[in-house]
Amino acid sequence: MTSVVLPELSLVALVGISGSGKSTFARTHFKPTQVLSSDAFRAMLADDENDQSATAEAFDALHYVAGKRLKAGRLTVVDATNVQEHARASLVKVAREHDVLPVAIVLDTDLDTCWERTEARTDRDFGKGVLVRQHRALRKSVKRLAQEGFRKVFVVADPSTVEVSYQKLYNDRKELTGPFDIFGDVHGCYDELVALMGKLGWEGTTHPEGRTAVFVGDLVDRGPNAPAVLRLVMEMVAAGTALCVSGNHEAKLLRKLRGRNVRVSHGLAETLEQLEASPVEGLEGFLDGLVSHYVLDGGNLVVAHAGCKEAFQGRASGRVRAFCLYGETTGETDEYGLPVRYPWANEYRGRAMVVYGHTPVPRAEWVNNTICLDTGCVFGGAMTALRYPERQLVSVPAAREYYAPARPLETPRGEGLLLTDVTGRRSIDTGYGRTTVSAESAAAALEVMSRFALDPRWLRWLPPTMAPSSTSTVEGYLEHPAQALADYAKVGVTEVVCQEKHMGSRAVILVARTPEAAEAAFGIAGPGAVWTRTGRPFFADAGPMLDRVRAAVDKAGLWESLGTGWVMFDAEIMPWSAKALGLIRDRYASVGAAAGAALPRALAVLDAAAGRGLDVAALRDRIATRAGHMESFRRAYRQYCWPVDGLEGLRVAPFAVLAAAGLNGVTRPNDWHLEHVDRLVAADPELFAPTRRIVANVADVDAVTDWWLALTANGGEGMVVKPLAGADPAGRVQPGLKCRGREYLRLIYGPDYTLPAQLSKLRRRGLGRKWHLARAEYQLGAAALDRFVAGEPLWRTHELVFAILACESEPVDPRL
Amino acid sequence: MILTVSTTHRPATDLGYLLVKHPDRVHTFRTSSGDATVFFPEATQERCTAALVLDVEPGREFVNDRAFAASSLLAAALNQVFRSALRGFSKDRPELAGTAIPLEISIPAVPGDVAKFFGPLGWTVTASPIRLEEPWGDSRYVDLTLSGTFRLSEALNQVYVLLPVLDDEKHYWVAPDEVDKLLRAGTGWLATHPEKRLIARRYLAHQRALVNQVIEPEEPDEQRPERPRPLAAVRRAAVRAALERAGATRVLDLGCGQGALLAELLADRRYTEIVGVDVSPGALETAAKRLRLERLPERQRARLRMFQGSLVYRDDRLRGYDAAVLMEVVEHLDEPRLPALVDAVFGHAQPETVIVTTPNREFNVRYEGLTGMRHGDHRFEWTRAEFRAWAEGIAGYSVAFEGVGDADELLGAPTQLAVFTRKEKS
């Protein structure tokens, strides 16, 4: 029995001459999809698996597919003779490009058996000489495979006796779920390490809650007591209460201990001196066993000394190790003669949290779900640990500066957004469902977002569109409460709240208690922000409005009851004319003026004709009806217009508490929202307008209809019906349905839309697309706030907020 | 929508013969936009009035003025219901049809500058502005009455042509036969109208090829004094000079707009790789058309790429170039967004040279009649000191400044230009 133990992720090259049984071997031990056979690729490209003229192209395609599989982390087996060095070299190259281990399995079947099999095949017509040459090449190759880069080589004389098994990579410790205490660079600062462990509740080398320590490396050099640090960590690792990855200083120390020629600098001298005085037993073996990084907790956590980009996580190659130990450099050196680091964390978009050290920073800060814990203890800073999964940072200050830094501590460049975070066709998993954004919508949104929108650090949410209730069949009505209630009844909602729909301009109001609170939560200091439904700043200077809102939040005691230093409201700011004056004048009032001149003139002329005994009664009736519609139309827009001067005259109607520290309000019940906004309105009734509402059962059609009719008789915009308990973003229930007033709708569908012919045409309006968008945007918004309050990186919220804006560029009837 | 035509020619009721409509009946016609009704609210020997009421059916567009204000819809209805009168043809009163008679034409809501178009024809134009609700002032409409002595056909033809011209929005497809219609309706008055070219342009919905069939294109006036070179051209030249000094051959035009600079770079062989980036897909499309991208020879085409990008997102595609030009771009971003631009361009793309131009606000006092900023989308305009402070705060680059355009001793040049050079790293 020959045992073949393969790394779980590897590129397996089968090596053997024609007729050696490679394909049978591959079929026996691997899934058909794992095997890439050169014959199959020749057939694919040339319709003939023996067409040697297609060989070069066939291998090209094979390598391409192998690369795609390895990138996705899938074991790949290459079934080709691979007896020539150049063929194998390209496989080693593909493996290295994707940082997986190349493995060779040599099928050393004797020449005669191979010849017998080849002769038996009707589709192979080459002579024995070819086989002999292949066999000679194979014999020469076997010894060279390890040198060529194959990390494991198995020579199999009898394929029928082989047993294949798999082995995890050393860095794969996904089964360990913690909780962990992850320690930044120690650099021989033993006292601080002990103090920090004490602060974290460690008792000696164990933690009473069974926590596991993880060291990011650089235990030694520069500091006062490397031997004591090493002994402690080695003991913990041996006892299974700690893991440790290699730092660059460990790697260098190991080379020195092995007698290599190493420049004794950057604090290595101190360590060597300390070890001379106080030798550490088993040190070389310990250092030799340190891996470059660990993948922990089911793949959710990666620990590496200098960090680890997504493509390298759980992979093994020289460059993975180099990245993990030294980080990525640009190839340039700075004014201190030190290598310039490439800010890989700024571009990190992986799902796993990456915890690392290596680069001393003034403060440990999250950058795209990565964090550097090296707060420069040995340079007189602090030693820092991260509690996982709590995401809590704990540190102790250095007792003193043990070593002078070669350059000032770097302040990281901060989280930036990548164009690739938002552009192109995207399929986004919100956690509540999947939403697809087309490339065209994304392109349109990019223009709006780039040219007009607020800083994305403020812009953590955009208002989703709201669908109207199903079209009503009640005579004279396009939208009617009966239908809105029926829509909810149909999906099992029983209790709803009907809220007055204010007619102004939608505004999201984010107010911070202090600039510091804003900085801590949003990464940008300021009073907060107010933005429109497309993310534009609502005011040239939002300061005065935010001061008023802040005072009201103070007075209402919302900071305390929500336990927050900032709060985000959804609101309507009135009057409509404050933002839309141009539109009202140039469209609505302009049409009103033209009609106001034309219709009375027509009536007067018709009356004169009637006076002459002409029969114009039918036309006169039609014109008179239109004049009546026009009056309603003009009344409707006029009531949404009044003069404002600064804050003077502005009214704000808040209707939802969107978010506060640790709280995503979008998914809260609607009575919770109303209770909070009522407190705000009570605190400053001059600025804040109340929202009239009734709570009803979906069967209370008459009561709701009466209420709605009173609300809308004179052109009031209408109401929004919401499930009292709120809507589950993952469910089928619309978070709200608008039911607009009969007179108000003249502004939308034209003054005469109530004419029977018009109405019957309009009743055919399709709502499906709008309903779909309303749900998709609601999900995106809910997920954006989920991610934001959970402390996820900026790009994770921004991709969702951007997607809402993109959805709003989808072609859909704007009158809905 | 309503139009009335009155006459005091005696017997005034002859108007009915000219219009081929009996004054004592109500005449109804289907038109493509709704029912048109013609009737006579007064019909005496002294004065007779014909009214055309067009009851425009509500359209599919939501809110607009087409049912109430005079426009091409009314003109089309006029042409349909008074066809003989427009041709000057009258079976019963042929002589009267060829005679100028006192006329009064009233239309209650007409958009546009009525005096400019009807005045030169000899009409007495009474136009009372129609007001919007308080406090919004006048609307774009006037209540129009035209009085004068004209042949009826002439008067109706003028109204027929000028209503859509005043509205400047054709509601129907402009087919080539519109040229014939315009020539026929304009016979005898259009050729001498001082606004003939504007009339033709608007009537034919701005289709230049059609307009030129009606009105000869103007000859370029060779006597005209040479105009000074426009600032935009001077600016492009200054940018190119800065690129040449920097020795750049692979360049980014960030915010390339409609491609004016790209065209000049493309014409210069020293630039081996030219990349135009703009955030507006519309601008890129226009640029592609203007540069005739489809028709460029392959070699030329290979030197130029254009794609949508944004200067507030980091973009790997922009890394590794010799130079980036931001010509009149930064002032189109809100000031609080500039750090993101600096991060994306100087921090991430990191070209060796960055050339930025922006208006010099101090110079604005030299522009007569300029209030506010030079462009509606400018979010700010900087003084030289403000520009300098911003530019000198950018890490990793050294910067030199120059003025572009004819400078004022005190106020500086109209455009400011900064050349940023990446600090040497070994």
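Residues are numbered from 1 along each chain as its sequence is written, and chains are lettered from A, with ligands numbered from 1, in the order in which they are written. Because this is a predicted model, local features need pLDDT of at least 70 and side-chain atom pairs count only at pLDDT 80 or more, while totals for chains, interfaces and linings use all residues.

**View 1. Chain A as a whole.**
Here we take in chain A, with its 26 helices and 32 strands (DSSP runs numbered from the N terminus: helices are H or I with at least four residues, strands are E with at least two). Along the principal axes, its C-alpha atoms fill a box of roughly 120 × 80 × 50 Å. In chain A, 48% of the 816 residues count as buried (20 or more other C-beta atoms within 10 Å of a residue's own; exposed means 12 or fewer, partly exposed is in between, and C-beta atoms are placed from the backbone).

**View 2. The domains of chain A.**
Chain A splits into domain 1 (2-167), domain 2 (172-397) and domain 3 (577-638), with bounds from an automatic or database domain assignment. Between the C-alpha centres of domain 2 and domain 3 of chain A there are 79 Å.

**View 3. Around A:Gln499.**
Zooming in, we find A:Gln499 in strand E24 (residues 495-500) of chain A. Why does A:Gln499 count as buried? Because 23 other C-beta atoms lie within 10 Å. Leaving aside residues up to four places away in sequence, A:Gln499 touches A:Phe655, A:Thr691, A:Arg693, A:Met719, A:Val720 and A:Lys722 (a contact means C-beta atoms, placed from the backbone, within 7 Å). Take A:Arg693: it sits 194 residues from A:Gln499 along the chain, yet their C-alpha atoms are separated by 4.3 Å. On the scale of chain A, 74% of contacts between residues at least 6 apart in sequence join residues at least 24 apart.

Chain B has 15 helices and 14 strands, and its C-alpha atoms fill a box of roughly 100 × 50 × 50 Å along the principal axes. The chain is divided into domain 1 (2-172) and domain 2 (231-422), whose C-alpha centres are 54 Å apart.

**View 4. An annotated stretch of chain B.**
An unreviewed UniProt entry puts the annotation "domain: Methyltransferase type" on residues 252-353 of chain B; positions follow the numbering used here, feature names are shortened, and annotations may be inferred rather than shown by experiment. That span is 34% helix and 20% strand, and its end C-alpha atoms lie 10 Å apart.

**View 5. Where chain B meets chain A.**
The contact draws 48 residues from chain B and 47 residues from chain A. On the chain B side, elements giving two or more residues include strand E1 (2-7), strand E5 (101-111) and helix H14 (338-349). The largest share, six residues, comes from E3(B). By type, the chain B side divides into 25 nonpolar, 11 polar and 12 charged residues (Ala, Val, Leu, Ile, Met, Phe, Trp, Tyr, Cys and Pro count as nonpolar, Asp, Glu, Lys and Arg as charged, and the others, Gly among them, as polar).

Note on methods:
Two residues are in contact if their C-beta atoms, placed from the backbone, lie within 7 Å.
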